[in-house]
Amino acid sequence: IIIDEDPLKRLCHSVSMPKSELDKFGRVIRRFAEEKDLSPSQQAAAEAVLRLIDRISINSRKAYESRKKFIFSVLDSEKIYSRLQAENPDFKGLNIAFIKDTGEKRFFEFTSFLHHLCYLLTSKKKITLLFEYRESSGELFCHFNYRHSLPEGKTVIILSATARKEVYEKLTKREVVMHKLPWINHKKSEIYQIMDGNYAKQTLLNEKQFDKILSRMEKLRKKLPYSKDQTTVILHKEIEEKYSEKLKDYNHAHFGAVRGSTNFEKFELFYIVGSPKVREESYLMLALALNDDDPLDDEKIKFEKEKVLIEKEDVWMIELYRYKDPLLDLAYKVHVIDELFQAIGRSRYVSGKKFVYIITNEPVFIPGIKRCHFKDEIGKKEQDRVKMKKNQILHLMGEKGELSTKMIVEAGIYRSNKTASVYAKELAEIEGWERIGRKYACNDPEKIKYYQTLPASGYYLPDEQIPPS
């Protein structure tokens with residue numbers, strides 16, 4: 001069986017149920033069972049749902065009473081299922097049909113709840129629940145892992161740039177062989193990581209801060225130069241939704257929705273803004289799955305700040321929050337680092353000339369990546385742009401043997417006659433061209449031959465990379 005892209009999220013994904021909504025669902029089911037003329041099997045199914053909701057409520061009391069942020073609890077679904085079968089001969093199991101058969105439209109919104117409860121009850125094993133108390137809202141959430149398994153007795157080949165061997169070994173309890181491919185040379189493309197600011201999600205949700213970052217992105221884009229329709233911006237889903245109007249002229253997408261996509265190949269400038277960090281319970285639930293659903297020690301559920309040296313040869317030293325527990329740290333890498341690499345990979349930077357700017361303090365390790373500050377990079381690209389224009393004007397002289405302001409404008413190097421005239425005059429003085437009327441002429445055959453080797457369009461090449469004529 002060959003699977004294109006990492007199927008981790010299909011094999012194991014966490015389900016979140018607000019406790020208040022779950023209680024509401026229980027009240028509706030209770031009223032429904034009392035008011036409707038149900039068949040014995042429907043009545044037994046309704047009773048099973050209520051029994052399960054009551055058991056979850058009992059398990060959640062400790063979380064309410066302690067007001068701890070996270071508490072693990074074990075639900076013995078096999079015991080509940082066996083007892084229901086022993087007490088009620090009409091209990092044939094639980095499925096969505098007992099709600100669908102009623103024709104009640106208002107129950108449609110509860111179908112997902114019933115689906116989750118059906119999984120909890122019919123899995124017939126002990127399931128670890130994670131109760132999360134959110135102090136800001138005073139609300140309690142119940143999380144559990146919804147698991148699927150790979151087919152037994154089959155060789156499964158996963159094609160992915162980010163699938164991790166240790167994750168699949170722990171998750172599937174099967175032998176995993178990793179075939180690593182060497183990094184592909186990407187000399188044509190330039191990859192930069194900008195790390196001189198706070199690019200956390202909360203910072204980006206502040207409109208004033210986001211506008212400041214977007215303004216710098218715009219300055220950089222114009223210096224390269226690329227148009228907005230040649231530019232892709234990838235960022236957090238919540239941020240993309242909030243600023244959709246500001247981003248409407250760009251091609252934009254969000255983390256999680258770009259994995260495996262080939263829809264971005266035609267774009268030449270990429271901004272990866274922020275990091276794809278998720279809520280803390282997502283890391284805990286994946287770590288729980290990797291721990292064979294054994295509850296994690298409370299002491300491990302802590303973020304601790306540590307200093308990270310980016311590269312030995314430079315002075316980049318930043319502070320990051322990291323889990324000290326290896327399972328939680330692995331879960332963090334899956335959710336954040338791997339998703340970040342997937343977003344970067346959408347640029348297809350190995351297949352052509354691309355500019356990729358990763359605007360986050362989360363360290364990214366790609367051979368040839370350059371760390372930089374926003375302001376320094378904008379200034380450098382302005383210098384690069386001026387040199388590119390200079391090379392284009394020199395190439396024009398090499399092609400035509402003469403040069404005028406009109407020729408520069410017609411070639412599209414500069415739009416303004418005034419600007420074209422200033423640069424033509426400046427180059428004439430440096431290169432020693434002769435002025436004849438409104439045109440300049442170069443009488444040195446060696447110089448003309450050299451001018452012809454300079455790039456006529458696109459981004460400039462450093463002198464040592466100038467291709468032969």
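In which loop is D293 placed? The legends below take that residue and several others in turn, and the model they describe is predicted.

**Figure 1. D293 in its loop.** D293 sits in the loop between α11 (280-290) and β11 (303-309). Its phi is near 65°, a positive value in a residue other than glycine. Is D293 buried or exposed? D293 counts as buried because its relative accessibility is 16%, and the cut-off for that class is under 20%. D293 is also one of the residues that line the largest cavity, which brings us to the next view.

**Figure 2. The largest cavity and its lining.** The search gives a count of 1 cavity of 30 Å³ or more. About 50 Å³ of space lies in the largest cavity. Which residues line this space? The lining is made of Y119, K125, I127, T128, N145, R147, L288 and D293. Two strands, β4 (126-134) and β5 (139-147), each contribute at least two residues to it. Sorted by class, the lining holds 3 nonpolar, 2 polar and 3 charged residues. As a reminder of how such a space is found, rolling a probe the size of a water molecule over the atoms shows where empty space is left.

**Figure 3. The largest nonpolar core.** Here the view turns to the largest nonpolar core, which has 37 residues. Which of its members have the most contacts inside it? They are I56, L117, L120, L129 and F144. At least two residues of this core come from each of β2 (12-18), α2 (19-35), α3, β3 (70-76), α4 (77-87), α6 (111-122), β4 and β5. Helix α3 provides the largest share, 9 residues. Apart from this core lies another, of 31 residues, with L11, Y168, M285 and V334 among them. In soluble globular proteins, nonpolar side chains tend to be buried together.

**Figure 4. R51 on helix α3.** R51 belongs to helix α3 (residues 40-66). With a relative accessibility of 26%, R51 counts as partly exposed. Which residues does R51 touch, once its neighbours within four places in sequence are left aside? The contacts of R51 are I80, R83, L84 and E87.

**Figure 5. K173, another positive phi.** K173 is found in the loop between α7 (165-172) and β7 (190-194). The phi of K173 is near 55°, a positive value in a residue other than glycine. K173 counts as exposed because its relative accessibility is 55%, with the cut-off for that class at over 50%.

**Figure 6. Y250 and its surroundings.** Y250 lies in the loop between α10 (237-242) and β9 (251-254). Its relative accessible area is 7%, so Y250 is buried. Leaving aside neighbours within four places in sequence, Y250 is in contact with L214, E218, R221, K228, T231 and V233. How far apart are the C-alpha atoms of Y250 and K228? They are separated by 5.2 Å, for residues 22 apart along the chain.

**Figure 7. N361 and M195.** N361 is in the loop between β13 (355-359) and β14 (370-372). At 23% relative accessibility, N361 counts as partly exposed. How many residues apart in sequence are N361 and M195? The answer is 166 residues, while in space their C-alpha atoms are 4.9 Å apart.

**Figure 8. Two buried cysteines.** C12 counts as buried at 8% relative accessibility. C142 is buried too, with a relative accessible area of 1%. How many disulfides are there in the whole structure? A search finds 0.

**Figure 9. The whole chain, for orientation.** The chain has 469 residues, and buried residues make up 48% of them. Of the contacts with a separation of 6 or more, 72% join residues 24 or more positions apart.

Terms used. Residues numbered from 1 in each chain as written. Predicted model: local features only at pLDDT ≥ 70, side-chain atom pairs only at ≥ 80, totals over all residues. Heavy atoms only, no water. Disulfide = S-S within 2.5 Å. Buried < 20%, exposed > 50% of the residue type's maximum accessible area, 1.4 Å probe, protein only. 1 Å grid on protein atoms, 1.4 Å probe; cavity = no way out; pocket = protein on both sides within 12 Å on 5 of 7 lines; lining within 4 Å. Points joined across faces, edges and corners; volume = space filled by probe spheres on them. Helix = DSSP H or I, 4+ residues; strand = E, 2+ residues; numbered from the N terminus. Nonpolar A, V, L, I, M, F, W, Y, C, P; charged D, E, K, R; others polar. Contact = heavy atoms within 4.5 Å. Core = buried A, V, L, I, M, F, W, Y, C linked by side-chain atoms within 4.5 Å.
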